[in-house]
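Please look over the sequence and the predicted model shown here.

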Amino acid sequence: MDDESGSLEERIDALLNVEKQMRQLGEVAATRKAVTEILELCFQAAKWKILNEQIVLISKRRGQLKQVVQAMVQQAMQYIDRTPDDDTKIELIKTLSNVSAGKIYVENERARLIKELAKIKEKQGLIPEAAELMQEIAVETFGSMAKTEKIAFILEQVRLCLDHQDYVRAQILSRKISPRVFEADTSKEKKRPKEGESIVEEAPSDIPSLLELKHIYYQLMIRYYSHNNDYLEICRSYKSIYEIPSVKGDQSQWIPVLRKICWYLVLSPHDPMQSSLLNATLEDKNLLEIPHFKVLLKQLVTMEVIQWTALWALFKDEFDNEKSFLGGSLGDKAAEDLKLRVIEHNILVVSKYYSRITLKRLADLLSFTAQEAEKHLSDMVVSKALIAKMDRPLGVISFQTTKDSNEILNSWSTNLEKLLDLVEKSCHQIHKETMVHKLALKA
């Protein structure tokens, strides 16, 4: 087998004959040894073209054993990082990818090969090609791949789609990962696979841990939601990063994250989810470290009209400083949206205190013209953030909801029941006092 005097071709031919004999006998170990020696000979001689040819030839041999093809692909993958140039590396990866295509027993290896090829394409600046390559692989269907490796692969697909500005596909891919998967208890012992189930491989050493993947996932989600200016979802993503133990245990990490949570809460439109998050954040003791932001959130919770000019003068510097913190600036539209949120808050406050109000008075309270006040009020009614009706000729706004006949009758019925209860209680008290008085006179 190891005839050093012969040429490379002769030695390969001799090993191929041995491989054929062992394959026909069904000797897995001997066949695998012959194939790995062929690959090693080509590698040592630096004959990359012959190596690619031999990989294709061996894989196409009649009745080739699965274990042999798997060992051959794994052996050849070790040579990828030791190729002399990128062209040779790409050629070898493509050869191995073609050989492993459609074979379940080497699906993990093929996924890793495609990922490596996508990295090369990305370095060359061919991001659309890299994204397209990664999308070919559906790792969520792989039974033998480690959970962390699957998540890392899907996150790489999402990242490339975001780099390519393909936001629709990025959203579709991100939905393959359930946020609940990051809450799994990794300390529990792994269950042994039942008979017939595929054995799950250990994740490679370069794959991040589950908590690190959680951090990466939410950073990518922030990038996606920033494209749509979906402030509430950005806030929830930062909230999830804030809950990671490594972040919460380091003040230098959680302060920038908590600042972002506060800003995006203020920028989010008013709804039950935003209100719940706002109250939960206000109860956080860490907020004492950034008192300015506690004041900001308190103003939103307090049912009082906020003066925009005073608020902006107080927080303009903090707003501009966000550029130097984690996540960068809050976006081009953030300042306009902040003003809009303050206006919405003020209108909601007015609706709490007034059942009817003139448009002129509302405009005075909001420090706007009548036309601007009407526009903002109309926008809130259209978005169903507020129930209101306006009599334009009279210039009167009503915040009361119109009740139908059934509701009116029900309210009357309820009021009558309350009245009768009070009458009954009063009679009972009078009767009690009379009895006590009679007993006192008899004594």
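## The cavity and its lining

In this predicted model, the lining of the largest cavity is made up of Val266, Leu296, Gln299, Leu300, Ile306, Leu311, Leu338 and Val342. Two elements, α15 (291-301) and α17 (334-353), each give two or more residues to that lining, and α15 gives the most, with three residues. By residue class the lining divides into seven nonpolar residues, one polar residue and no charged residue.

How many cavities of 30 Å³ or more does a search of the whole structure find? The search finds one, and the volume of the largest cavity is about 30 Å³.

Because 14 of its 20 residues are buried, α17 is largely enclosed by the rest of the structure.

The buried residues of α11 are Tyr231, Leu232, Ile234, Cys235, Ser237, Tyr238, Lys239, Ser240, Ile241 and Tyr242. Against which elements do the buried residues of α11 pack? Their packing partners are α10 (210-228), α12 (245-248), α13 (251-267), α14 (272-282) and α17.

## Aromatic pairs

A pair of aromatic rings is described by the distance of the centres and the angle of the planes. A search of the whole structure finds ten such pairs, one of which joins Phe43 and Trp48 in an edge-to-face arrangement, with 5.8 Å from centre to centre and 75 degrees between the planes. Phe43 counts as buried because its relative accessibility is 12%, under the 20% cut-off, and Trp48 is likewise buried, with a relative accessible area of 14%.

Trp263 and Phe293 also form an edge-to-face pair, with the centres 5.6 Å apart and the planes at 90 degrees. This pair links distant parts of the chain, since Trp263 belongs to helix α13 and Phe293 to helix α15, 30 residues apart. Both partners are buried: the relative accessible area is 0% for Trp263 and 1% for Phe293. Elsewhere, ring pairs link Phe43, Trp48 and Tyr79 into a cluster.

## Two partly exposed residues

Are Ala385 and Asp13 buried or partly exposed? Ala385, which lies in the loop between α19 (370-382) and β2 (389-391), counts as partly exposed because its relative accessibility is 33%. Leaving aside neighbours within four places in sequence, Ala385 is in contact with Leu348 and Met380. The C-alpha atom of Ala385 is also separated by 7.5 Å from that of Asp271, although the two residues are 114 residues apart along the chain.

Asp13 lies in helix α1 (residues 8-25) and, at 43% relative accessibility, also counts as partly exposed. Asp13 and Ile38 are 25 residues apart in sequence, while their C-alpha atoms are 9.1 Å apart in space.

Terms used: Residues numbered from 1 in each chain as written. Predicted model: local features only at pLDDT ≥ 70, side-chain atom pairs only at ≥ 80, totals over all residues. Heavy atoms only, no water. 1 Å grid on protein atoms, 1.4 Å probe; cavity = no way out; pocket = protein on both sides within 12 Å on 5 of 7 lines; lining within 4 Å. Points joined across faces, edges and corners; volume = space filled by probe spheres on them. Helix = DSSP H or I, 4+ residues; strand = E, 2+ residues; numbered from the N terminus. Nonpolar A, V, L, I, M, F, W, Y, C, P; charged D, E, K, R; others polar. Buried < 20%, exposed > 50% of the residue type's maximum accessible area, 1.4 Å probe, protein only. Contact = heavy atoms within 4.5 Å. Phe/Tyr/Trp six-rings, centres within 6.5 Å; stacked < 30°, edge-to-face > 60°.
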